[in-house]
Amino acid sequence: MNISDPYAGERLKLSPFYPRAEVLNIREAWAAWNGYKFAEYYYDAEYEYFCVRNACATYDICPMQKYEISGADAEAMLNRMVTRDVAKIGLNRVAYCVWCTDEGRMIDDGTIFRLASDKFMLTCGSPCTAWLAKSAFGFDDVTVTDVTDDIAALSFQGPTTCAVLKKLGLEGIETAKPFDIRHFPFHGGTLMVSRTGFTGDLGYELWIEPGLALELWDDLYRAGDDYGIQPFGEAATNMARLEAAFIMPAMEFNEALRTVNFEHDQTPFELSLGWLIDFKKPHFSGRRALLEEKRRGPKYTLTKLDIEGNKPAEGSYIYKDKRCTKEIGYVTSAMWSPAVKANIALAMIETPHIKGSLWAEIYYEKELRQYSRVVRCTRKTKPFWTPDRARATPPPDY
Amino acid sequence: MSNYDAIIIGAGHNGLTNAAYLAKAGLNVVVLEKNDYIGGAAVTREIHEGWKYSSCSYVCSMMRQAIHRDLDLARHGLILVPYLGTVNFGDRDERLFSYHDEEAAHLELKRHSRHDADAMHRFQTDLTRYSQLIRKTLMRTPPDPSSFKPRDIMELLFLARQFWKLGEKEIYEYVRFFTMSAAEYLEDYFENDLIKAAMASPGIIGTALGVYSPGSSYILLHHVMGDVDGSIGAWGLARGGMGAISKAIAGSVAESGGEIRTNAGVEKVLVENRKAVGVVLENGDELRANIVVSNLDAKRTFTKVMDKHDLPDGIYEKASNFKIRGSSGKVNIALSGMPKFTGVPENRYLARGGQGFTGSLETMERAYDCWKHGRWSDDPFVESVIPSAWDPTVAPPGQHWMSNFVQYCPPQLADGPWTPQKRDAFGESVISKIERYSPGFRDLIVHMEVRTPHEIENEVGLTEGNIFQGELTIDQLFFNRPFPGYGQYRMPVRNMYMCGSSTHPGGGVSSVCGANAAREILLDLRRTNTVPEDDFYDE
């Protein structure tokens, strides 16, 4: 314990990229995530969002939780935990997964990387050590290690990312398909690159040992200088992910293990993630409850909305009629989308009503006075932002 | 001979917007373009390999969200990216940085004048109030003040209501504002000359007026009333250049089954029994249609492609006298690297904004004096942007292109016609101005495209190279645009309409003129309206 700084115990941890991020965080806009000092934004949230949509930008994902799960039973153990069939994840492939309680309520979502036949990496937003230990119960040959602090990672997102990685010398990176993993020698170590991200755009995540973190940052920023590279923070991430209709904890879902009130958590069906549940695979946590829910239908359904006008429907209730007599849901995230030029939102709506007429009651402030409007919502079936380049292999240079 | 419901002359962004809405309403439309490319003055052209210039218009703020959204231009590939700070260069070696962040912007103003830093709040507030009123009229057809039609009376009442909401004092201020010069208006707020000059510069852009000419304050407002995503006064760049806007609208036209023909210049509008019935193309082909919509400026429409004898008395004269003086040139420069400016830190964000070679109010006024005497300015006002600092698609990586908007440059020179030599000499005046603040700039030049009003008129078709299709002075605005009595997009010949910037609300890449005209056409045809109302509902 450092007693020369009496507040040392209360200070946030610094990411291996902090020495570089600090210089560029001109607005001193820091927040926290999992104990790490973490940028809300660096210069301007909307500018950073546009770097993701127009050029390229890096997001420090060191605070994201990372676990190595290895051993002969690793696959079986993960398969018992998550709803997707882990056996189907090929070598050097990544899969987006969710895991639930026995009641089928969602604990968290994350990605599983298959690094060998008996070795995986699981990443997720919140610490998961205790649940992983519970899930490993009864499996003989499985080791779970929290490697969060042993791996530094940057999410590198935007239309020019592939061009920058090519310039960085990552040979053949353009042949990596979405969810592929590649390894490259890097300053005597290994740089792992996955074609993954949380922005709905072309992008990669770069994984490196912390000792080489600054080398990675410097090389990447040098290569990216002519391609508009810029760090981005939580605010821009949240804008991009909403356009891609990706869910966020504490926005779209309340983690089941942190939910006090009955059914104030969600199920994957309610979050429109039914496609992640594989009932054909061996037993997994929540299977029976989810089968039952599949039969009777989810109570709520997460719905994508295009809303009239330009006032974000943050915190709005959704009604069945313009007179607001029948409340049928609530907005979880909302914003004006600069790329799509639409007033977009995700909302939890009682399933029987999703195909009927939908109205949002929007409150907004104008020079200290509150105003409200009731406006029509249109249900969208596809994510708001789906550029072809996000799926193209090889991706375009910009 | 073929038959269409509507022929639109000119594939500029307003013509395309008009076509998009008419096609959406089920009309069989064709857009005729004289050039082999579409876009008019909202165009991206690869004149030098690897560099894509926005040859004419270069930034965007007026584009109405309602239209962008309604025509689904994002799906058709359009993305507008706001740009950040600007640097204004003063005559006495001062630098005024406009930072994107409010706090930083305030501190910078304070460095120049404590007084002006405070006054900026009042200035922005007043300007926002004025813009809010004008913004409400953008996507509405101006009322005819002499008409007793219920619709015109209702519209006049709407305007009166908006006016009264301002309060008595503001009504007087508003009227005064419309008739003042930008420089005089700014006197009331600021003391620092560079701040005044920087704020006054939007008041002369595209206009044959000086900063001290009455009426220039409205033009200032015209340039700050746009927005990017609701941030009023902000400007943005279209990813892929301004042509991306036209391309996206053309995508919408095609999706609704509309036809666009390039290399199809219109020789003449056919009029029979005082009704427009079609056009004759330059190649002699005749196309017939129920209506004809001209996206050409008013002067060109009535004095070039229409027969004087087909027009009611007085229209030809009105069109001939339509004030459409060219005042600006454009110099597009391909650069082998990012230029460095003396006294400007290598701030990556400032570099992603613009440069204003502003000088001072006096320099700007003297620049205007040259124009009056039929010369380009000896010491021009130049507004520059380096789009490639933002947009990875318009120049090779590590290389750049710089857009330079120049005032003043006359359409006719006192010493005889424009020649390539004179054009290059004009370009040289711009390079030497920039080089004064960026030593070594000249060495970075890979290619240049110099456009005087002469080139703009001949290539784009804008009379005298006037970027607004007619000056934005109060005698030519609102229900007076283009002429009194013809402010509702219908022209003196039946079945003939106008949809370009010569109509309300005037110049700028806004798509509003085209959309408003489409609304009127659909009304006359008794078709369901496809044109949205503006989606501001409270600002």
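**Entry 1: helix 2 of chain A**

What covers the buried residues of helix 2 of chain A? Before answering I noted the ground rules. I am reading a predicted model, in which local features need pLDDT of at least 70, side-chain atom pairs count only at pLDDT 80 or more, and totals for chains, interfaces and linings use all residues. Residues are numbered from 1 along each chain as its sequence is written, while chains are lettered from A and ligands numbered from 1 in the order in which they are written.

The cover includes strand 3, strand 9, strand 13 and helix 7 (234–243) of chain A, together with strand 5 (80–82) of chain B. Helices (H or I, at least four residues) and strands (E, at least two) are DSSP runs, numbered from the N terminus.

Buried means 20 or more other C-beta atoms within 10 Å of the residue's own, exposed means 12 or fewer, and partly exposed is in between, with C-beta atoms placed from the backbone. Among the buried residues I listed A:Tyr47, A:Phe50 and A:Arg53.

**Entry 2: the sheet beside it**

I looked up an open sheet of six strands in chain A, with the order 10-11-12-9-3-13 and mixed pairing. Strands pair if DSSP finds at least two bridges between them. Strand 10 (181–186) and strand 13 (229–231) of chain A stand at the edges with a single partner strand each, so one side of each has no neighbour in the sheet. Neighbouring strands of this sheet are turned by 25° against each other on average, direction ignored.

Strand 10 of chain A runs antiparallel to strand 11 (residues 189–194) of chain A, and six bridges join them. In this pair I found A:Phe184 opposite A:Leu191 in strand 11 of chain A.

Helix 2 (residues 45–54) of chain A lies across strand 3 (56–60), strand 9 (152–157) and strand 13 of chain A, at about 120° to strand 3 of chain A. Helix 6 (residues 213–224) of chain A also packs on the sheet, and its direction makes about 150° with that of strand 12 (203–208) of chain A. For these angles, axes are lines fitted to C-alpha atoms, for helices over the stretch in contact, and angles run from 0 to 180 degrees between N-to-C directions.

**Entry 3: one residue of chain A**

I found A:Arg376 in strand 19 (residues 369–380) of chain A. Is A:Arg376 buried or partly exposed? A:Arg376 has 14 C-beta neighbours inside 10 Å, so it counts as partly exposed. Leaving aside neighbours within four places in sequence, A:Arg376 is in contact with A:Glu308 and A:Trp359.

I counted 16 helices and 20 strands in chain B. Its C-alpha trace spans about 65 × 55 × 50 Å along the principal axes of chain B. Buried residues make up 57% of the 539 residues in chain B.

How many residues does the contact take from chain B and from chain A? The contact takes 22 residues from chain B and 23 residues from chain A. Helix 2 (residues 65–70) of chain B gives the largest share of the chain B side, three residues.

Terms used. Two residues are in contact if their C-beta atoms, placed from the backbone, lie within 7 Å.
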